[in-house]
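Biologist: I have not worked with this model before. Could you take me through it, one topic at a time?

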Amino acid sequence: MINLEVWKKLHDELTDANTTLIAVSKKKPASDIKALYDAGQRDFGENYVQELVAKQQELPTDIQWHYIGHLQSNKVKYIAPFVHLIHAVDSFKLLKEINKQAANNNRTIDVLLQMYIADEDTKFGMDEKEILDLLEYYTAQINDLKNVRICGLMGMASNTSDTEKVKAEFARLHNFFIHLAETTFFNKPYFAIRSIGMSADYKTAIAAGSNMVRIGSMLFGSRN
Ligand SMILES: *Cc1c(COP(=O)(O)O)cnc(C)c1O
């Protein structure tokens, strides 16, 4: 069930904080998305390729679709024609495949690199060293990777009520973002996105330097 009051308040709060709201609509019906769309929301996030493709075909074409889940290389082709931003790139192989499918569609696809910041085994992503390794390959092959653009970092904090711990994890991502913005991406203004923060921790994320939050249950209610 969509609560438009909650959306409006959140929208205003995030606009004041210069933070983009991604409404995470996974497992929710197209009718819920349409209700938020009619209120003015344009950025939506999905985790499953088949579900995203079905919704994209059914809903207005000016929606900006964010793929926020773990993406398998063999599925990139299905979303490449329309996806707005891929949040969770965690290997050079995936980056190369996104470039290839973007080229097949005569477009450039924006992506974020997923940084592993949580204290849990279950989450995907790369640590600082793995990101630097990926960027080394990327820089070496940059002439062959013109159809993909790395626009920032994405991360998920530990699932804990310990706000200090969550804050430290987000700060680690933000510090590394700043390092990359001053080195590999020096003078590249498109490298600007810190996609951190979900329903439970978005305020902490904004305080720690987020400028893009991915919020599901707070807007759409809990998922089964
Ligand atoms: C589901 C999901 C979200 C939204 O989580 P909520 O707690 O429902 O706000 C954000 N980011 C990712 C990567 C997700 O998979």
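Biologist: Is Asn187 buried or exposed?

Modeller: Asn187 counts as exposed, at 64% relative accessibility (buried means under 20% relative accessible area, exposed over 50%, and partly exposed in between, with a 1.4 Å probe and protein chains only). Please note that this is a predicted model, in which local features need pLDDT of at least 70 and side-chain atom pairs count only at pLDDT 80 or more, while totals for chains, interfaces and linings use all residues. Residues are numbered from 1 along each chain as its sequence is written, and side-chain values use heavy atoms, leaving out hydrogens and water.

Biologist: Where is Asn187 found, and what is its phi?

Modeller: Asn187 is in the loop between helix 7 (163–182) and strand 7 (193–195) (helices, H or I with at least four residues, and strands, E with at least two, are DSSP runs numbered from the N terminus). Its phi is positive, about 65°, although Asn187 is not a glycine. Most residues other than glycine have a negative phi.

Biologist: And what about Asn106?

Modeller: Asn106 also is not a glycine, and it has a positive phi of about 55°. It lies in the loop between helix 5 (92–104) and strand 5 (109–116) and is exposed, with a relative accessible area of 74%.

Biologist: Changing topic: which residues of helix 2 are buried?

Modeller: In helix 2, which spans residues 30–39, the buried ones are Ala30, Asp32, Ile33, Leu36 and Tyr37. These residues lie on the same side of helix 2, because they cover an arc of only 155° around the axis (the arc is that of the directions from the helix axis to the C-beta atoms). Ser31 and Asp38, on the other side of the helix, are exposed.

Biologist: What covers the buried residues there?

Modeller: The cover of helix 2 includes helix 1 (4–16), strand 1 (20–24), strand 2 (43–46), helix 3 (49–58), strand 3 (64–67) and helix 9 (217–220). Here, contact means heavy atoms within 4.5 Å. Just after helix 2, Gly40 takes a positive phi of about 125°.

Biologist: What is buried in helix 3?

Modeller: Val49, Leu52, Val53 and Lys55 are the buried residues of helix 3. Their cover includes helix 2, strand 2, strand 3 and helix 4 (76–79).

Biologist: Which residues have the most contacts inside the largest nonpolar core?

Modeller: Ile79 and Ile86 do, in a core of 62 residues (a nonpolar core is a set of buried Ala, Val, Leu, Ile, Met, Phe, Trp, Tyr and Cys residues joined through side-chain atoms within 4.5 Å). Helix 7 gives the most to this core, with six residues. Not counting residues up to four places away in sequence, Ile79 touches Val49, Leu52, Val53, Tyr67, Leu71 and Ile86.

Biologist: Last topic: how many aromatic pairs are there?

Modeller: The count comes to four (rings of Phe, Tyr and Trp, the last by its six-membered ring, pair if their centres lie within 6.5 Å; planes under 30 degrees apart count as stacked, over 60 as edge-to-face and the rest as tilted). One of the pairs is Phe44 with Trp65, which is tilted, at 6.1 Å centre to centre and 45° between the planes. Phe44 lies in strand 2 and Trp65 in strand 3, so the pair ties together parts that are 21 residues apart in sequence.

Biologist: Are Phe44 and Trp65 buried or exposed?

Modeller: Phe44 is buried, with a relative accessible area of 0%, and Trp65 is buried at 2%.
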